[in-house]
Amino acid sequence: MSIRETFRGAVVCAALILGAGIAHAQEVVKLGLVGEFSGPFAQYGGQMYGGMKAYMKEHGDTVAGKKIEVIQRDTGGPAPDVAKRLAQELVTRDKVDLLVGFGLTPNAMAAAPIATEAKVPMIIMNAATSIITTKSPYIARVSFTLPQITQPIALWAAKNGIRNVYTIVSDYGPGIDAEGAFTKAFKTAGGEIAGSARIPLQNPEFAPYIQRAKDARPQAIFVFLPAGEQGIAFMKGYNERGLAEAGIKLIATGDITDDGVLEAMGDPTLGLVTSFHYSAAHDSPENKAFLKAYAEANGTKLRPNFMAVAGYDGMAAIYEALRKTGGSTDGDKIMAALKGMKINSPRGAITIDPETRDVVQTIYIRKVEKTPGGLYNIEFDRFPDQKDPGK
Ligand code: DHB
């Protein structure tokens, strides 16, 4: 063999190795999961990732010839600077193809410019302030918006003899959205607002706010608080201060009767009416399959909630988008595939609005009831095809 032939052979060999390397790199689609995995909001990340794992358990980790890999990052709570840095590092250093997750609004808002600059699609699996999807053309949301879930409970209350309501919300994006949507819809339906309060997101003290609401003697209190521990503390205060005995009803968005903490809140929640897009008690074959896959992937310690369903649906959307693009992760192609997509979610059918990239879905009115399996939000009325009313 001449030197030239040997050299040519070596070049061919190197090219093959290199080619194999590239082919291998192209076979992986990386998802950068930015979520809350520690601190008081740790269940948000846990639920979202649990839902993603359930989807992958049921459908495998390969789609359109590509293997799906999840890279998990913890913001530690509401920490916009951290969320932005993590998103930036995931895009530039880890070379993720999509950003996913985002439980809390401030974290989603902070990461939006990264999605725009890098043309990397960002799938919102919870954060629910209306404005988020307008912050980048690369954002699509599979969860919900506060105005979308709040308007139905305002209309339901007005229709069911409630005339005078005091509003209590968490003092940041989703709370302000909930207060605005409730006030607008309830007043339009002929109701009156007796007063309103906004409570800090971090380390809230509920007792003084609950007392003030009681002193205003409304017929009902409407409340929005971020799901999880805060709902438990609020219900405790509501009971201790004797609001039910004073004849003051409670109505709320379903965040407060979050399936992940409903058992811990116990019997004081019985009869509580809320509006929401998902209940673990939703009666459908899709929900049964989801509950089964969730338990198989994560065990049965934690009941999956709306964030778990959004994680599951987010993966369904990504798998379907990759099938449509033939495995391409080009940001513009993925976004085009997501626009108008329909998904048979465990909550019922959902659509990603092609104009707003926000989710269109049925909102249910539910009541907490005791079932043989424990406390559940039982759906008894529905508002189909709900868009974010502000858009
Ligand atoms: C957020 C919204 C919610 O409805 C919730 O329960 C928790 C967090 C948010 O957008 O930050």
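Modeller: Let's start with the largest pocket, which holds about 310 Å³ of space. This is a predicted model, so to speak of local features we need pLDDT of at least 70, side-chain atom pairs count only at pLDDT 80 or more, and totals for chains, interfaces and linings use all residues. Residues are numbered from 1 along each chain as its sequence is written, and side-chain values use heavy atoms, with hydrogens and water left out.

On a 1 Å grid over the protein atoms alone, a pocket is an open set of points with protein on both sides within 12 Å along at least five of seven lines, while a cavity is a set where a 1.4 Å probe fits but cannot get out; lining residues have an atom within 4 Å of a point. Points are joined across faces, edges and corners, and a volume is the space filled by probe spheres set on them.

Back to that pocket: 17 residues line it, and Tyr238, Lys249, Leu250, Gly271 and Leu272 lie nearest its centre. Helix α8 (229–240) and strand β10 (249–253) each supply at least two residues of the lining; helices (H or I, at least four residues) and strands (E, at least two) are DSSP runs numbered from the N terminus. By class, the pocket lining has 12 nonpolar, 4 polar and 1 charged residues. Here Ala, Val, Leu, Ile, Met, Phe, Trp, Tyr, Cys and Pro count as nonpolar, Asp, Glu, Lys and Arg as charged, and the others, Gly among them, as polar.

Now for the cavities: a search of the whole structure finds 2 of 30 Å³ or more. The largest cavity has about 100 Å³ of space. Of its 17 lining residues, Gly103, Asn126, Tyr172, Phe224 and Asp255 lie nearest the centre, and the lining comes to 13 nonpolar, 3 polar and 1 charged. The second largest cavity holds about 40 Å³. Its lining includes Thr257, Asp258, Asp259 and Arg366, and splits into 3 nonpolar, 3 polar and 3 charged residues.

Last, your helix pair. The axes of α2 (residues 42–59) and α11 (residues 306–324) come within 7 Å and cross at roughly 45°. That makes α2 oblique to α11. Axes are lines fitted to C-alpha atoms, for helices over the stretch in contact, with angles from 0 to 180 degrees between N-to-C directions; under 35 degrees is roughly parallel, over 145 roughly antiparallel, 65 to 115 roughly perpendicular, and the rest oblique.
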